[in-house]
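Morning, everyone. Please have a look at the chain on the screen, and then I'll walk you through it.

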Amino acid sequence: MLRINETDSQAKHLQEWLSSGVDEEIFHLNVRSLYSTTPYEYLLYSPKISRRNDGRLRDRDLKKYQHIELGGWWCNGVDPLNNYVLMMWGCFKPDRPRRDRQKIHKFIKYEHPFREETRAFFLLVPNRIWVKVSLRCGIPITEEDLQHPGGFWHWIWRHNVPVTIVEGVKKAGALLTAGYAAIAIPGVNAGYRTPTDEYGTANGKPYLIPDLKHFATEGRQVNICFDQDNKPETAQRVRTAKSRMGRLLVNESCSLRVIDLPLGAEKGVDDFIVAKGQPAFDALYNTAVALELWEIKLFTLLTYPKAIALNQRFLGQLLVPEGEKLIILKAPKGTGKTEWLATEVAKAHDQEQRVLIITHCIQLGEALCNRFGVNYVTEVHTSETGTLLGYGVCVDSLHQESQARFNPNDWSNDVIIIDECDQVFWHLLNSGTEVQKRRVSVLKNLKQLVQNVLGSSQGKIYLSSADVSDTDVKYVLSLAGEYRVNPFVIVNNYRHVAGNCYNYSGSNPKNLIAALDKAISKGGHHLLCCSAQKAKSKWGTQALEERFRRKFPHLRILRIDSESVADPSHAAFGCIAHLNEILTQYDLVIASPSLETGVSIDIRGHFDGVWGIFQGVQPVNSVRQWRGYGKLLTVISG
């Protein structure tokens, strides 16, 4: 057998923990270096293990675990469910790990007691670390706390001290060192259990493991901080575990927050603190979001591998390999998505390909067609080019009875652009407008269109939006059926410097209107966005226009809604395609949802204030569109 130098082994294990940013005293209180036959006593003690008649372990188990004799470190901690004595359960990290039989290319880094249920880690801490945690959370340590046998962890439990749940015991050590009470579980799914039958099929609801249940007291702030991973399937598994465990903790009346580590070389929180410094983690901790908000944010995540990742003000020139069929473009509003798509349209025309532009509203479609040099569907019969270069159409019209007389079999080796794709799909599946009457036909035609284009030799589909997500990509891939394509993903991570945002609570906008009156009196330019248009609506575009004209006769006011943009005698007629030139001519612009997602307003900072009255039900991205067009955003939603 290989001879092991105990001193060298301990020094190596200590260095490993120190490299993870763990206090040396925490290491010495909790970690032991084991070798030879000693690790068997820590890992194979369960009465559930089958043994020979003489009590000896069976040969198969001895062979399976023989690698532990080459040494490794062991860590356990205290047991809050058994008077805080040292816990028998723990983990062993072998110096020479064994291969995973299910994933032969991987090694099993950590071993846990065989045939014993997993538990959580509650590390012993020196008093100076205890004081550090106390100062950070602002909860004092009493003499009674110091005298109690449970020490630190009893104080945590008794005073509802905030805790952070991490994946892996070294990470708990790193957070404790930084002054955060941290509980470690051995894996992202180890914080809860799901009842199963004898065949391993789930037959009950998930529940918290007893260790976490003990600390899931009413009102306690619990943070979840798991590793980040670049692999989409792993990231999805981690997100599911966060959500499930988080829901169980919320059900116990805990205040649950999620700390997301940024994507980068640092996978775990210990590596992040070592590489970026403790203040960087403090910032993440202080900006952690509640579980409900975190789950909402998941709907805008795009986790497919990025072919091109940028962080720049404008997209500029981007080259997509010739053979790519499904191109995804995710970039913030105002970073040049439309300009780049215009160059792709020009390339398609150079190759004698037609372009079909699909949007969720007519005004956006007309504006895009104007930028791309393509006729909108209402223009094809009066234009010399007709449908030669393709045309633009609202998704509502993807059926035979529409003005487009749409037939998906007319398209194959062509280019399809679905701009503001998240809004298009939401509108298609949920809207109560014209599309509701023909939804089945439109859905069938869209599916056939996707299959025709992706199944052709030259066809391409572009999905573009600031908020395109996995949901949108998966939807298109599901429509593709047997045609398997890998999305070519372009992401611009640039973030605009946002102005101030103010929110009026309640459903009556009178206070917002009063504030707007004061702002108008001081001068400047203002944009007022409304969710209603009709004259009978007190807070609609028409009623508000009349009100402001009476109150401020001198004010140059432009009303933009579905009626005004279609009225040849109105100043707003056809303005969507020329917004940047027209808007600067007015002091107050009042707009309905006719002017929302996808419309490009490039006169940044022109408006001194953007004001919004959003009532009823509107997609959140329709509202978010307005942020950034002015120096401040003031909204009321009801």
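I'll take the overall build, then salt bridges, then a charged patch, then the cysteines.

Some ground rules. This is a predicted model, where local features need pLDDT of at least 70, side-chain atom pairs count only at pLDDT 80 or more, and totals for chains, interfaces and linings use all residues. Residues are numbered from 1 along each chain as its sequence is written, and side-chain values use heavy atoms, with hydrogens and water left out.

Overall build. The chain has 22 helices and 25 strands. These are DSSP runs, numbered from the N terminus: helices are H or I with at least four residues, strands are E with at least two. The C-alpha atoms fill a box of roughly 95 × 60 × 45 Å along the principal axes. Of the 638 residues, 52% are buried. Buried means under 20% relative accessible area, exposed means over 50%, and partly exposed is in between, with a 1.4 Å probe and protein chains only.

Now salt bridges. How many does a search of the whole structure find? The count is 30. Each one is a side-chain nitrogen of Lys or Arg within 4 Å of a carboxyl oxygen of Asp or Glu.

Take E16 and K170. Their closest N and O atoms are 3.0 Å apart. E16 is in helix α1 and K170 in helix α8, so this pair links distant parts of the chain, 154 residues apart. Both E16 and K170 are buried.

Next, K242 and D260. They meet at 2.7 Å, N to O. K242 lies in helix α10 and D260 in the loop between β11 and α11, so the pair ties together parts 18 residues apart in sequence. K242 is buried, at 5% relative accessibility. D260 is partly exposed, at 29%.

There is also a network: salt bridges link E545, R549, R559 and D561.

On to the surface. K103, K106, K231 and R237 gather in a patch of positive charge. Patch members have over 30% relative accessible area and no salt bridge, and like charges are joined within 9 Å. K103 sits in the loop between β5 and α5. At 44% relative accessibility, K103 is partly exposed.

C575 is in no disulfide either, with the nearest cysteine sulfur, that of C361, 12 Å away. C575 is buried, at 0%.

Key:
Patches are made of residues with over 30% relative accessible area and no salt bridge: like charges are joined within 9 Å, nonpolar side chains (Val, Leu, Ile, Met, Phe, Trp, Tyr) within 5 Å. Accessible areas come from the Shrake-Rupley method with a 1.4 Å probe; for residues, only the protein chains shown count as cover. Lys and Arg count as positive and Asp and Glu as negative; His and the chain ends are not counted. The place of a charge is taken as NZ of Lys, CZ of Arg, CG of Asp or CD of Glu. A disulfide is a pair of cysteine sulfur atoms within 2.5 Å.
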